[in-house]
Amino acid sequence: MRIARGLLALGAACMAQVLLSRYLPSLGRRCDLFTILVVYYGLTRHQPAAMLMGTGAGLVEDSLAGSILGLNGFKKTLIGYLVGSIGSLFMLNQAIPRFGILFAATFIDPLTELMLSVALGQSFVVPGMFDLLQLGLGNGVVGLLVFWIAARIP
Amino acid sequence: MGAVLTERKPFLLLLVLLTLNLILMSSRVRGSGRGSLLEDAILGVASPFLKSAAWIARGAAGTWNSYLDLRGVRVENARLQEEVAALAPKANEAEEARREMERLRQLLDLKGEVEFPTLAARVVALGSPGGARTLDLDRGSREGLRANQPVITPRGVVGRVIEAAPGIGKVQMILDPNSAVAALLQRTRIQGIVVGEGDRGCRMDYVSELANVEVGDVVVTSGLDEIYPKGYIIGVVSEIEEGEGLTKIVKVRPEVDFRRLEEVLVVLKPEGAPVRTVR
C-alpha cells in the first residue's frame, strides 16, 4: 500500500511538473516538485523511504530531462538521506522550519551536481545565486502548499 | 554485529543507492549516449502519467479556448443584438413605406377610372358612436370635401361623406344601419338596396322572392341613388334567407375590410351631379 501510494505520489509529481513547465514555465523554473516530494518523504517517513523516493524521483527526472541517468537520482538520494536524518532528529511540524529545510535542500542539489561533475570530468554551469534563491523560495512556498494538501489526504 | 547493521541500515542503503546511481552515470558517460534499458523502463512506467498530463493539458487548453470563443460569441451576440435593435425600426419603416406605396398605387389606378376628380385621404379615426359606423379623414372642406361624396377604395365602396369641416371629413360607412346604397347583383342584374347591419355586415333589401340569387354573387353599386358611381363592388352574397312577404333576406359580406382601412379615395362629385361612371 505504501509502495503504491509512493508510486502514485511520484506519478502525480511527474504529471504536475510537466504541466507546470508547459503552461506556467515561469513557476516551473522556480520550483522542483521532485525535490519537494523527497523532502516531504524525509520529514514524514523513515529515512530509507526518503532515500528510495529520492532515487526513484531522480531517475524519473533524469529520464524526463534527458540528463545523465543517475545524476538526479544521486542528488535526490542524498537529499532524502540528509532530510531524513534531520527529520528523525527533530520534530519539524511547523511551517517555518519546513520552509527552511525546503530552501536548504534546493542548495544541496547544485552543490552535489558540481561535485559529481568534477568527479566525472563533466562540464558544469554554476547556476546564478539569484536563480538559486528564486528556486529556494519557490520550493519553500510550493512545498508548504503541497504539505498542507498532503496532510488533508486520507 | 546485527545491532550495528540495524543501526547503520540507512547509511548502508544510502551507499547502495548512491553506488547504483554512480554505476548508471558512469555507464552512460562511457557509452554512446543512447538511452539504456533502465531508462526506457523508467520512461515506460512514467508514460501513463505523462499521457495523463498531456490529456489534462489538452482538456484544459480546449476548455480555455472554448471559454474564449464563448466570450467572443457572447460579445458578438450582444453587438449583433444591438444592431438588430437599431435596424428593426428602419426595416419596419421600410416595410410600412412599401405597403403604403402599394396601397397608394392602387388608389392611383382607381383614380384614373373615375369620371370626377378624386382626392386621396388618410383615415385618422375609426369610430362607432352609438350604433353608427363612421370614420374620420384627414381632409375636409378646404380640400373640397362635401356631403354625399362617395368614398371608395380599390376593393370596393366604403361609404359617403356626411360632414366636412376644415381639415377633417366624416364618412358614414356602408355598415352603418342608416346607410343605404342602391345596388344590383352583377350576375343577374337584380336590383335592391344595401343597408348596414353594423358588425354583421350588410343586408340587401327589396329582392324579390322569385329573384335568382346565389351565395357568392357579387353585389355592385347601381348608381341609382346618384351618390355612388355605378359598378363599384360592395360585397358578395353570403347568406340567403326566406323573408316575410314577397322578398328574400340577402346577407352581403362587404369586400372592404373596414378595420384595416388606412387610405381612401374621395370622389369630388359636385352635389347632385349625376354619376355616369360605369366600371
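## Where the two chains meet

In this predicted model, chain B and chain A bury about 2600 Å² between them, with 83% of it on carbon and sulfur atoms; buried area is the accessible area (1.4 Å probe) that two parts lose on being put together, summed over both. The contact joins 26 residues of chain B to 34 residues of chain A, where contact means heavy atoms within 4.5 Å.

On the side of chain B that touches chain A, α2 (9–30) and α3 (37–113) each supply at least two residues. The largest share, 13 residues, comes from α3(B). Helices here are DSSP runs (H or I, at least four residues), numbered from the N terminus.

## Aromatic rings

Over all chains, there are 6 aromatic pairs. Rings of Phe, Tyr and Trp (its six-membered ring) pair if their centres lie within 6.5 Å; planes under 30 degrees apart count as stacked, over 60 as edge-to-face and the rest as tilted. Y40(A) and Y41(A) have ring centres 6.2 Å apart and planes at 70°, so they are edge-to-face.

F99(A) and F103(A) are stacked, at 6.3 Å centre to centre and 20° between the planes. They sit 4 residues apart in helix α6 (residues 95–120) of chain A, so about one helical turn separates them.

## Reading the numbers

Residues are numbered from 1 along each chain as its sequence is written, and chains are lettered from A in the order in which they are written. Local features need pLDDT of at least 70, side-chain atom pairs count only at pLDDT 80 or more, and totals for chains, interfaces and linings use all residues, while side-chain values use heavy atoms, without hydrogens and water.
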